[in-house]
Amino acid sequence: MRYLLLLQLLLICFLNQAQQSNGIKFEKKNLTWKDVKQKAKNEKKYIFIDAYTTWCGPCRYMSKNIFPQKEVGDFFNENFISIALQIDTTKNDSKIIKSWYKDAKMIADSYKIKVFPTYLFLNQDGILMHTITGASENKDDFIAKSKNAINPLTRYTNLKEDFKNGRRDSTFLLLLINAARDASDDSLLHASINYYLNTQDNLLSTQNISLIAEATSKSGDKGFDVLLNHPKEVDAVIGRERRTGILKMISFDEDVFPVIMINGKKTVYGGGLMIYGGGEMNTDVDWNAVKTTLNLKYGTFSKSMLLNGKLKYYEWLKDWKNFNNLMLNYRSKEDNIDTNLINNMAIKLIGDCEDKESFKNAIEWSSILTTDKTKPYFLRTYSQVLYMAGERDSAIHFMKEYFRISNKSGKATDEIIEKMRKGEEIE
């Protein structure tokens with residue numbers, strides 16, 4: 001038995017080593033960035049940089065599942081000098097990783113690396129040719145994207161230069177859209193999509209609706225009227241929630257935010273994260289004027305736009321009294337209640353409010369979450385509202401019901417219930 005076990009372990013080790021040797025051969029010698037460029041020149045190859053962090057799950061997935069594969073190794077080893085570049089720093093870093101700290105920071109700053117993993121493709125002088133961000137699900141996808149780096153017709157820097165010089169034909173723009181998306185270059189992605197849409201006669205095709213959803217961020221964008229006036233066609237492709245979410249974002253940015261925050265600014269980070277701030281809150285908002293503006297622009301949709309703006313306003317002011325009154329009025333008077341909105345607003349309250357009385361006032365409007373059996377996580381949200389309101393026994397009841405419907409059990413769930421019984425903080 002021990003002999004068989006030993007053979008199995010040896011076989012596993014052998015297969016792992018074989019897989020690693022067949023994959024991308026990352027430089028392991030104590031080379032400097034200058035040495036890497038020189039080696040690329042000597043071997044007449046390009047440079048490939050895997051920019052990763054120790055905490056990045058997709059980075060580990062690529063390193064474990066994609067890089068070791070033979071087809072990937074064949075392509076990269078033939079065309080590139082490859083280096084794996086750790087961008088973050090930890091106390092467990094090896095001497096080699098530490099020796100790259102300065103160059104890693106220089107490369108991260110020079111190429112504005114903010115998304116992980118980021119893959120840089122450079123020429124022999126270290127000049128950027130192409131960028132890919134994010135993990136690929138399989139080797140074929142990663143190889144196909146990487147081949148674009150060595151093809152002058154699909155290389156991202158070349159496409160950007162052509163765009164800068166005024167090229168606008170639809171075939172070219174589709175290449176640019178895909179390259180900008182791969183590079184997480186949101187600004188150029190949105191611009192190229194809107195130029196592409198201007199070349200299209202039928203904006204209601206499945207592809208064009210998907211592009212509209214991806215790039216529409218202003219009422220002046222080509223796809224705005226499509227989102228607003230063709231709900232049936234758009235919802236069939238991207239869903240009602242996404243469509244209305246885009247319109248709510250636009251209405252807030254253009255018609256509400258400038259009114260509720262004086263000299264405020266919106267900053268968009270990688271991955272679509274939006275941060276509002278930079279000004280001071282207007283404590284004397286003319287909501288009737290806002291309502292009139294939204295009515296003229298959005299018609300029947302203006303009601304939900306106004307509600308969205310008011311909720312955000314009271315949330316930022318931490319005016320939980322008016323926040324709760326607004327939600328209670330919505331719950332009692334709205335015919336078609338959006339339970340996702342109820343859940344999201346309850347989560348906002350849980351995350352930002354510490355006043356027990358405010359949670360007591362939220363119980364009535366958030367109780368509708370118990371009626372939607374298709375979304376058991378609503379029960380968890382309602383349980384947390386009850387718990388923050390001091391209704392411990394009821395909170396435990398609904399938390400148990402959430403665990404039951406979700407088929408969750410074990411030590412972790414028992415610990416949560418025990419914490420609730422003791423009145424301790426729960427997540």
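1. In strand β4, Thr118 has Thr133 as its bridge partner. Strands here are DSSP runs of E with at least two residues, helices are runs of H or I with at least four, and both are numbered from the N terminus. Two strands pair if DSSP finds at least two bridges between them.

2. A word on the source. This is a predicted model, in which local features need pLDDT of at least 70 and side-chain atom pairs count only at pLDDT 80 or more, while totals for chains, interfaces and linings use all residues. Residues are numbered from 1 along each chain as its sequence is written, and side-chain values use heavy atoms, with hydrogens and water left out.

3. Now the other partner of β3. Strand β1 (residues 46-52) pairs with β3 in the antiparallel sense over 5 bridges. Asp50 has Tyr119 of β3 as its bridge partner. β1 also pairs with β2, in the parallel sense, over 7 bridges.

4. The 4 strands form an open sheet in the order β2-β1-β3-β4, with mixed pairing. β2 (80-86) and β4 are the edge strands, each pairing on one side only. From one strand to the next, the twist averages 20°; angles run from 0 to 180 degrees between N-to-C directions, and axes are lines fitted to C-alpha atoms, for helices over the stretch in contact.

5. Is β3 buried or exposed? Buried means under 20% relative accessible area, exposed over 50%, and partly exposed in between (1.4 Å probe, protein chains only). In β3 (residues 118-122), 5 of the 5 residues are buried, so the strand is largely enclosed by the rest of the structure. In a regular strand the side chains alternate between the two faces of the sheet. Thr118, Leu120 and Leu122 are buried on one side of β3, and Tyr119 and Phe121 are buried on the other.

6. Next, the cores. A nonpolar core is a set of buried Ala, Val, Leu, Ile, Met, Phe, Trp, Tyr and Cys residues joined through side-chain atoms within 4.5 Å. The largest has 80 residues, and Trp287, Phe323 and Trp365 have the most contacts inside it. Helix α14 (residues 240-260) gives the largest share of this core, 7 residues. A second, separate core has 21 residues, including Ile81 and Ile107.

7. How do helices α17 and α19 pack? Helix α17 (residues 320-333) and helix α19 (residues 356-366) meet at an angle of about 10°, their axes 9 Å apart. They are therefore roughly parallel; that label covers angles under 35 degrees, with roughly antiparallel over 145, roughly perpendicular 65 to 115, and oblique for the rest. Contact means heavy atoms within 4.5 Å. Among the contact residues are Phe323 of α17 and Trp365 of α19.

8. Finally, two buried residues. Ser383 lies in helix α20 (residues 377-388). At 0% relative accessibility, Ser383 counts as buried. Ile417 sits in helix α22 (residues 411-422). At 7% relative accessibility, Ile417 is buried too. Not counting residues up to four places away in sequence, Ile417 touches Ile396, Met399, Lys400 and Phe403.
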